[in-house]
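Work through the exercises below with the model open. Each task is followed by a solution in steps.

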Amino acid sequence: MDSAATALSHVRGEIARACKDAGRDPASVTLVAVSKTFPAEAIEPVIIAGQRVFGENRVQEAKGKWPALIDKHPGIELHLIGPLQSNKAKEAVALFDAIHSVDRTSLCEALAKEIDKAGKAPSLFVQINTGAEPQKAGVLPQDADAFIKACSATYGLTIAGLMCIPPVEEAPGPHFALTAKIAARNSLKLLSMGMSADFADAIALGATHVRVGSAIFGTRPPFKGAEQ
Ligand SMILES: *Cc1c(COP(=O)(O)O)cnc(C)c1O
């Protein structure tokens, strides 16, 4: 078996175990396989092994490799997990089934316009910068409630949930808990949190979408440009 397909089945087992430990139904957690930087040849075995939900962090890269894979394999769901520039909103709405990085009103405005034109809307997650890190995208925790309200009241967007990326040097639990708390008080059901190193913790704290890259695909090749 392909090594990524083997790793996928291991990750699935770990998700099932984390769900059991947390008393949760495994069907309540969606595995988003993060395929950024990996070519189609590395992704296809994972599709063949049954994975259907994938995450990419750049619109341009996703446009290059996914349309052909989507044509060939029915039922693929593509999630944008990286920062989105407003001038790429049109391409993002066309290609992605979910966007995890809604974090500013200018982007809300661009998304609302493109969703209206396209007549289809991706599932939208508001990214929360739980660690208030200056270099990281996301809405500050203290601004989250007002931002989430403005998404619907001002821009007519339906927000499905929240996403966070905890600071690398901190324990992730408090960041997951804070994100879950903000979601609960805003009646948002979906929580995109947890990556290769901490998806079990995230599941214990309510994650509905875990974004797992290296635990499936292996170490990523060096990446050019800013990554968050
Ligand atoms: C790359 C990336 C991931 C996956 O990270 P791994 O540690 O490889 O699992 C998850 N979320 C976001 C936003 C990413 O950019």
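Helices (H or I, at least four residues) and strands (E, at least two) are DSSP runs, numbered from the N terminus. The model is predicted.

**Exercise 1.** Classify D103 in the same way, and find what joins the side chains of D103 and R104.

Solution. 
- Step 1: D103 lies in the loop that runs between strand 4 (98–102) and helix 5 (105–118).
- Step 2: D103 is buried, because its relative accessible area is 15% and the cut-off is under 20%.
- Step 3: The side chains of D103 and R104 are joined by a polar contact of 2.9 Å.

**Exercise 2.** List the contacts of each residue, leaving aside neighbours within four places in sequence.

Solution. 
- Step 1: For D103 the list is Q127, A137, G138, V139 and F147.
- Step 2: For R104 the list is L84, Q85, S86 and F147.

**Exercise 3.** Describe the surroundings of the ligand.

Solution. 
- Step 1: The ligand is surrounded by 13 residues, the closest being K36, S196, G213, S214 and R220.
- Step 2: The shell consists of six nonpolar, four polar and three charged residues.
- Step 3: A ligand oxygen atom is 2.6 Å from a side-chain N or O atom of K36.
- Step 4: For R220, the distance from a ligand oxygen atom to a side-chain N or O atom is 2.7 Å.
- Step 5: The ligand taken alone exposes 390 Å², and the protein buries 93% of that.

Conventions: Residues are numbered from 1 along each chain as its sequence is written. This is a predicted model: local features need pLDDT of at least 70, side-chain atom pairs count only at pLDDT 80 or more; totals for chains, interfaces and linings use all residues. Side-chain values use heavy atoms; hydrogens and water are left out. Buried means under 20% relative accessible area, exposed over 50%, partly exposed in between (1.4 Å probe, protein chains only). A polar contact is a pair of N or O atoms within 3.5 Å; within protein, one must be able to donate a hydrogen and the other to accept it, and residues adjacent in sequence count only if both atoms are side-chain atoms. Contact means heavy atoms within 4.5 Å. A residue is near a molecule or strand if one of its heavy atoms lies within 4 Å of it. Accessible areas come from the Shrake-Rupley method with a 1.4 Å probe; for residues, only the protein chains shown count as cover. Ala, Val, Leu, Ile, Met, Phe, Trp, Tyr, Cys and Pro count as nonpolar, Asp, Glu, Lys and Arg as charged, and the others, Gly among them, as polar.
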